[in-house]
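Dear colleague,

Please find the structure below, followed by a summary of what was found in it. I would be grateful if you could read the two side by side.

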Amino acid sequence: MDGTVRPELASASAFQFGAVATETIEDALLHLAQQNEQAVQEAAGRMGSFRETRIVEFVFLLSEQWCLEKSVSYQAVEILERFMVKQAENICRQATIQLRDTEKTESQNWRAQKEQLFNKFILRLVSCVQLASKLSFHYKIISNVTVLNFLQALGYLYTKEELLESELDVLKSLNFQINLPTPLAYVEMLLEVLGYNGCLVPATRLHATCLTLLDLVYLLHEPIYESLLRASIENSTPSQLQGEKFISVKEDFMLLAVGIIAASAFIQNHECWSQVVGHLQSITGIALESIAEFSYAILTHSVGANTPGRQPIPPHMAARALRAAASSNT
């Protein structure tokens, strides 16, 4: 975004595996599984509405510009997603009320709030990145001066007070619950377990590839999940109702994590793919067919390759597994 020399980002190779006791890993994995189950069950109709490619790309580039570690960029996307969904729901709720009330002043108030949401979107996005950076305070926190200078470069003139108010608005809207789980946490936890289980592909090698593929899934969120939906219903034109029922699959970070790791294993060493997928199935209980189908979708949208699982596993079996995953959470 500018020509200044920036310090290097935190290196993925610096991430250490095998340094945590197995009991701690088991507890952490159980906690993540419980969080994931709750998130899937609570998945609402508008979830994912703001994981749009241009928005995600903006957050990723901004995080890179500010030399933030990868976990911060994913956290920022998830905070922004939930905040904007809350705001959109509030506007829709007010619009529904005003349909029963034809007073001109009420209609004007609704339009003003909608316009304000659009006008302050960049400010909210930057606030979400700044809040996410504060959650990883051991690495780097983005100062108000840095944020204000960035906004000014884009033509937005805000004061420090307005910036603080924006952060507070995000916090209040999410009931101060911003330490949200991200797919990266699931990926790294499963890689840790794979290392203890004797996975043939080193966790450090898988980790670097997983980061790249996770970026890809965030950037191509809609096309990847659309291909999964079409596979699950065995139909190229899913209905609106079928799409709504599939929301729970979109919010399943454990499923996403095993798909990412399986695809990474195929890229690193396709001969070990079956062993890695078998370990993932044993650890998570997710069907082999679902893992194969997800890794296939990721690979076809990245390198255009077929996974080994595409050959021995008939597509209708993978579709049935994904249908079961969707129906069990509705």
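Contact here means heavy atoms within 4.5 Å. Helices are DSSP runs (H or I, at least four residues), numbered from the N terminus. The model is predicted, so to speak of local features requires pLDDT of at least 70, and side-chain atom pairs count only at pLDDT 80 or more, while totals for chains, interfaces and linings use all residues. Residues are numbered from 1 along each chain as its sequence is written, and side-chain values use heavy atoms, with hydrogens and water left out.

Helix packing. In H2 (residues 53–65), Thr53, Val56, Glu57 and Phe60 meet Asp215, Tyr218 and Leu219 of H9. Four of the residues in this contact are nonpolar, one is polar and two are charged. The axes, lines fitted to C-alpha atoms over the stretch in contact, lie 8 Å apart at an angle of about 140°.

Cavities. H9 (203–219), H10 (221–233) and H13 (253–269) each supply at least two lining residues.

Aromatic pairs. The whole structure has eight aromatic pairs, with ring centres within 6.5 Å. One of them joins Phe58 and Phe150 edge-to-face (planes over 60 degrees apart), at 6.3 Å centre to centre and 75° between the planes. Phe58 lies in H2 and Phe150 in H6 (residues 144–153), 92 residues apart.

With kind regards

Terms used
Axes fitted to C-alpha atoms, helices over the stretch in contact; angles between N-to-C directions. Nonpolar A, V, L, I, M, F, W, Y, C, P; charged D, E, K, R; others polar. Phe/Tyr/Trp six-rings, centres within 6.5 Å; stacked < 30°, edge-to-face > 60°.
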